[in-house]
Amino acid sequence: MSFAAKFLRRRRRAQSQAKDICHEIAVLMLCSDSEHIVKLHSVHETQSEIALILELATGGELQAILDNVGELTESQARTCMREILRALQYLHKKCIAHLDLKPQNILLCGGTVEDGLKLCDFGISRVVEEGGKIREILGTPDYVAPEVLNYEPLCLETDIWSVGVLAYVLLTGCSPFGGDTKQETFLNISQCSLTFPEELFEGVSAEAIDFIRSALRIKPCDRMSAAQCLEHKWLKEEAPSRYLSDPATEDAVATETDPEEEEDDEEEDSEDSDTSENKENVSCARNTSTDHDAVVTCEKILILSHHQQATLFPDAPTTPKVSRKAPPDSPPSVKALVKKFQLDNQEVIDVSPKRDAHQLDLPTESVPTAAPADDCSARCSVITCLACAGLSVSACRHHTSPTSRKTLVDQRITC
């Protein structure tokens, strides 16, 4: 049997990582009975590292498929989102927010997405209890929610924002808010500047677009829960047919049965039901005892680092650059507007009144020739000199003494 090993350093940047490692171990232990979350088998320690022996997902990361193919078909994307939301629904029932949903943290059980998916990497997950207010800046820039950037309390619906971004990426291969810089990306996220270009969403159903719009809401209270996402018309699975064969033939066979045989069948069913109830009671008792022991053990080691100093996306893994293709008639970006503003304001017109040398109480022989407007504006640290604004020389902080006055005149700082 094959396993995967995840090595975690005990210390990073001269700080102990013991609390974060214990937290991740506790979350994996709490989720040991989920089929959609990678399982933890054992933990081994060395002097410098801790190794987590995990279930092996032979298909690798979901990001590898996006790198090779570009985007998934709508049917494949729908299958992925169902698996991810089932894992997320399990986490949210235990009041755990993942806070780092992205293709790199989703593993494939086989060669295709139809073989199943597993959710992994709970290093920055948090337990979000009712009434608790957790404020931290963490996550991956392209998938982070607006409340994280605004330093507002985190909640379970913070993961739903990442679900909407993930659905957009799976269907198009592009990030909905990706900019040239992190600052531009954060601005797009905080304003929720969401577009659906025709060249990217050609062939995508209206239900898929409606799902993305419903998940990408600025206010967390306006977003769907994980259970509501699974009930959305884009992801809701149709109920299988109740009859596997023709119901008319089944009714005909039922009418031909002998009454005596029916009585014998009823007696056997009653005996089987009694034995099955006893077995269920025994199994339930065993499960409750084992679940209670597991919860007690996890609660002992579940330590949350809420009081640590928050930094801007600490140890956030780099996401491969995804170009943001905007439609041709879209408004210009922030970077283009700033560049245009700088070009329009290169020439500064000086409208301040001019002063002669005798009004500044300066020696006539030491007054240099007038400097060009560009040279003066480049050397002077203020837009208008205080002396030029009508103040006396003694009131100007640049002319406190004859020595400093001469130095300023030599450097041609006066206007």
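The structure described here is a predicted model, in which local features need pLDDT of at least 70 and side-chain atom pairs count only at pLDDT 80 or more, whereas totals for chains, interfaces and linings use all residues. Residues are numbered from 1 along each chain as its sequence is written, and side-chain values use heavy atoms, with hydrogens and water left out.

By the criterion given above, W161 and F177 are both buried. The protein has 415 residues, of which 36% count as buried, and its secondary structure comes to 13 helices and 10 strands; helices (H or I, at least four residues) and strands (E, at least two) are DSSP runs numbered from the N terminus. With contact defined as heavy atoms within 4.5 Å, residues 24 or more positions apart account for 70% of the contacts that have a separation of 6 or more.

A nonpolar core is taken as a set of buried Ala, Val, Leu, Ile, Met, Phe, Trp, Tyr and Cys residues joined through side-chain atoms within 4.5 Å. The largest such core comprises 79 residues, and those with the most contacts inside it are M81, L170, F211 and I212. Helix 5 (residues 158-172) supplies the largest share of this core, namely 10 residues. Because domain 1 (3-56) and domain 2 (60-236) both give residues to the core, it lies between them; the domain bounds come from an automatic or database domain assignment. When residues up to four places away in sequence are not counted, M81 touches V163, L166, A167, L170, F211, W234 and L235.

Aromatic rings of Phe, Tyr and Trp (its six-membered ring) are regarded as paired if their centres lie within 6.5 Å, and planes under 30 degrees apart count as stacked, over 60 as edge-to-face and the rest as tilted. Five aromatic pairs are present in the structure. In one of them, W161 and F177 are stacked, at 5.4 Å centre to centre and with 15 degrees between the planes. This pair links distant parts of the chain, with W161 in helix 5 and F177, 16 residues apart from it, in the loop between helix 5 and helix 6 (182-191). A further pair, formed by F196 and F201, is edge-to-face, with 5.0 Å centre to centre and 70 degrees between the planes.

Apart from residues up to four places away in sequence, T158 touches L99, A145, E147, V148 and R223. The side chains of T158 and E147 are joined by a polar contact of 2.9 Å, a polar contact being a pair of N or O atoms within 3.5 Å of which, within protein, one must be able to donate a hydrogen and the other to accept it, while residues adjacent in sequence count only if both atoms are side-chain atoms. A polar atom of the T158 side chain also lies 3.0 Å from the backbone oxygen of C155. The C-alpha atoms of T158 and H98 are separated by 8.8 Å, although these residues are 60 residues apart along the chain.

In helix 2 (residues 62-69), the buried residues are L62, Q63, I65 and L66. These residues cover an arc of only 155 degrees around the axis, which puts them on the same side of helix 2, where the arc is that of the directions from the helix axis to the C-beta atoms. On the other side of helix 2, D67 and N68 are exposed. The buried residues of helix 2 pack against strand 6 (60-61), helix 3 (74-93), strand 8 (106-108) and helix 5. Just after helix 2, G70 adopts a positive phi of about 105 degrees.

Two loop positions were also examined. S34, in the loop between helix 1 (18-30) and strand 4 (40-45), counts as buried at 4% relative accessibility. The side chain of S34 reaches the backbone nitrogen of H36 at 3.3 Å, and S34 touches K39 and Y90 when residues up to four places away in sequence are not counted. L56 is placed in the loop between strand 5 (49-55) and strand 6 and, at 37% relative accessibility, counts as partly exposed. Leaving aside neighbours within four places in sequence, L56 is in contact with S2, F3 and A4.

Definitions and conventions: Buried < 20%, exposed > 50% of the residue type's maximum accessible area, 1.4 Å probe, protein only.
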